[in-house]
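Notebook, one sitting. I went from the overall fold down to single contacts.

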Amino acid sequence: MVNFFTTVIANIFRPSRRVGSVVPPGHPGHGGIWPKFVPPTYGEESRSPCPALNCLANHNILPRDGRQITYKQISHAVQHAYNLSSSLADQLTASAKLLDQGRGWIDLHDLNTLNIIQHDASFTRPDIAFCPDQSFPHPDLVERFLAHASSGESLSLDDIVSYSGIRRAECKRINGQYSLTWSFLHEFFGSGNSALMYSVFGGNVKDLRVWLSEERFPEGWEPKNREALGHTIAQAQTTSLGIEFNINETQEIWPGDVVYFQQNEP
């Protein structure tokens, strides 16, 4: 708790990190220089429904095989690669502990479990009812999301709110298990993912296309959030609530507007 408040206050008074040095010296990504990207071999490396973690494994910041990863490794990696506060990184990592069965580590594929990290109405994956393997993105679904950028080059929070409502409405329509497993907690978690994506990428469509479709960092990329001690829990929750409480998931979706996705290997 002390760390939480200290970080919030320190970020107010300390200057933001300089462009080009958002990722600290000595950490992968400093100066926009990331370790070599190697796409995973389907069925061999372990991957998750989370683009952020898959990207780190594809760049070997987390173990490339995606196996037996400790929570300390995950927290440390997401903190520095995405400029998050240590308390926020720990909070995000805590959800994975529900899946380790007392081992103290997880394989990324463990996160495929419904409504722990994985959630329906994703921007990059069909619902698990139609796509049991959530370990790889569907570029056609990603493109559909990015096409909702009102400016063409950048997604606003309003764009994200609007598309969240569309995805929830259509998933309710076509996925019989959606309403049975969905709750406010899952909704808020989904909005939290969107909030962090927006804060870290600034809504940049070009960068998001690479990150979401290929699960790699664009060349020369660094986080757009430049807080001195990292993006805080308070900031993340404020943006998450702003998204969640403005989503209209009861909007009318016409049958011709609903996209059906089948299970396909990447």
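**Fold.** I read the elements along the sequence and got the pattern α-α-β-α-α-β-α-α-α-α-α-α. The radius of gyration is 18 Å, close to the 18 Å that the globule rule gives for 266 residues, so the protein is as compact as a globular protein of that length. I took the radius over C-alpha atoms, and the globule rule is 2.2 Å times the number of residues to the power 0.38. The tally is ten helices and two strands. I used DSSP runs numbered from the N terminus: helices are H or I with at least four residues, strands are E with at least two.

**Ground rules.** I am working on a predicted model, where local features need pLDDT of at least 70, side-chain atom pairs count only at pLDDT 80 or more, and totals for chains, interfaces and linings use all residues. Residues are numbered from 1 along each chain as its sequence is written, and side-chain values use heavy atoms, with hydrogens and water left out.

I looked up the extent of the C-alpha trace: about 50 × 40 × 35 Å along the principal axes. Of the 266 residues, 52% count as buried. Buried means under 20% relative accessible area, exposed over 50%, and partly exposed in between (1.4 Å probe, protein chains only). The accessible surface comes to about 12500 Å², with 56% of it on carbon and sulfur atoms. Areas come from the Shrake-Rupley method with a 1.4 Å probe; for residues, only the protein chains shown count as cover. Next I checked contacts (heavy atoms within 4.5 Å). Among those with a separation of 6 or more, 69% join residues 24 or more positions apart.

**Surface patch.** Phe5, Ile9, Ile12 and Phe13 form a nonpolar patch, with about 490 Å² accessible together. Patch members need over 30% relative accessible area and no salt bridge; nonpolar side chains (Val, Leu, Ile, Met, Phe, Trp, Tyr) are joined within 5 Å, like charges within 9 Å. Ile12 is exposed, at 61% relative accessible area.

**Helix 8.** This one runs over residues 184-201, 18 residues in all, and reaches 25 Å from first to last C-alpha, close to the expected 26 Å at 1.5 Å a residue. The expected span is 1.5 Å times one less than the number of residues. Its buried residues include His186, Glu187, Gly190, Met197 and Phe201. Just after the helix, Gly202 has a positive phi of about 65 degrees.

**Salt bridges.** How many salt bridges does the count come to? Eleven. The rule is a side-chain nitrogen of Lys or Arg within 4 Å of a carboxyl oxygen of Asp or Glu.

- Asp110 pairs with Arg103, with the closest N and O atoms 2.8 Å apart. Asp110 is partly exposed at 22%, and Arg103 is partly exposed at 31%.
- Arg209 meets Glu143 at 2.6 Å, N to O. Arg209 sits in helix 9 (residues 205-214) and Glu143 in helix 5 (residues 139-146), so the pair ties together parts 66 residues apart in sequence. Arg209 is partly exposed at 33%, and Glu143 is also partly exposed at 33%.
- Arg144 pairs with Glu170 at 2.8 Å between the closest N and O atoms. This pair links helix 5 to helix 6 (residues 157-174), 26 residues apart. Arg144 is buried at 17%, and Glu170 is buried at 0%.

**Last entry.** I also found a network of salt bridges linking Arg168, Lys172, Glu187, Glu244 and Glu249. Glu187 is one of the buried residues of helix 8.
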